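These are my notebook entries on a single structure. I record what I looked up, one topic at a time.

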Amino acid sequence: MTIKQLDLLQMGERIRRQRELHGMTRELLAEKLDVSTKFIADVERGSKGMSLQNFYLLIQILDISADYLLSGDADNHHKLLCEMRFYIE
């Protein structure tokens with residue numbers, strides 16, 4: 001099994017896309033996480049990581065799977081979205 005390094009740049013891009021899908025500004029996300037807007041910008045650019053506590057809050061706020069956010073595994077993300085639609089309908 002090959003162990004991959006965490007790609008903060010790609011993770012930041014997935015965070016930005018999901019934030020925008022929710023119509024959320026950096027300012028609003030920062031407020032919900034109780035961090036600065038600059039911190040959110042740094043995370044989205046991949047120049048900073050975040051604490052496990054903030055990561056946990058982030059996946060709840062953005063309604064995204066931790067697996068997808070960390071690895072970009074679109075299959076798991078797609079399966080989760082399909083399951084969510086099943087329960088909503």
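Which residues does Asp-42 touch, not counting residues up to four places away in sequence? I looked this up in the model, which is predicted, and found that Asp-42 touches Ser-47 and Lys-48.

Entry on Asp-42. I located Asp-42 in helix α3.

Entry on helix α3. I listed the buried residues of this helix, which are Phe-39, Ile-40, Ala-41, Asp-42, Val-43 and Glu-44. I also looked up what covers these buried residues, and the cover includes α1 and α2. After α3 comes Gly-46, and I noted its positive phi, near 80°.

Entry on α1 and α3. Two packed helices are described by the angle and the distance between their axes. For α1 (residues 8–21) and α3 (residues 37–45), I recorded that the axes come within 6 Å and cross at roughly 120°. The two helices are therefore oblique to each other. On the α1 side, I wrote down Leu-8, Leu-9, Gly-12, Glu-13, Ile-15, Arg-16 and Arg-19 as making the contact. On the α3 side, the contact is made by Val-43, Glu-44 and Arg-45. Sorted by class, this contact has five charged, four nonpolar and one polar residue.

Entry on rings. I searched for aromatic pairs and recorded zero in the structure. I did find Arg-14 over the face of Tyr-68, at 5.9 Å from the ring centre.

How values were computed: Residues are numbered from 1 along each chain as its sequence is written. This is a predicted model: local features need pLDDT of at least 70, side-chain atom pairs count only at pLDDT 80 or more; totals for chains, interfaces and linings use all residues. Side-chain values use heavy atoms; hydrogens and water are left out. Axes are lines fitted to C-alpha atoms, for helices over the stretch in contact, and angles run from 0 to 180 degrees between N-to-C directions. Helices (H or I, at least four residues) and strands (E, at least two) are DSSP runs, numbered from the N terminus. Angles under 35 degrees count as roughly parallel, over 145 as roughly antiparallel, 65 to 115 as roughly perpendicular and the rest as oblique. Contact means heavy atoms within 4.5 Å. Ala, Val, Leu, Ile, Met, Phe, Trp, Tyr, Cys and Pro count as nonpolar, Asp, Glu, Lys and Arg as charged, and the others, Gly among them, as polar. Buried means under 20% relative accessible area, exposed over 50%, partly exposed in between (1.4 Å probe, protein chains only). Rings of Phe, Tyr and Trp (its six-membered ring) pair if their centres lie within 6.5 Å; planes under 30 degrees apart count as stacked, over 60 as edge-to-face and the rest as tilted. A charge sits over a ring if NZ of Lys or CZ of Arg is within 6 Å of the ring centre and within 35 degrees of the ring normal.
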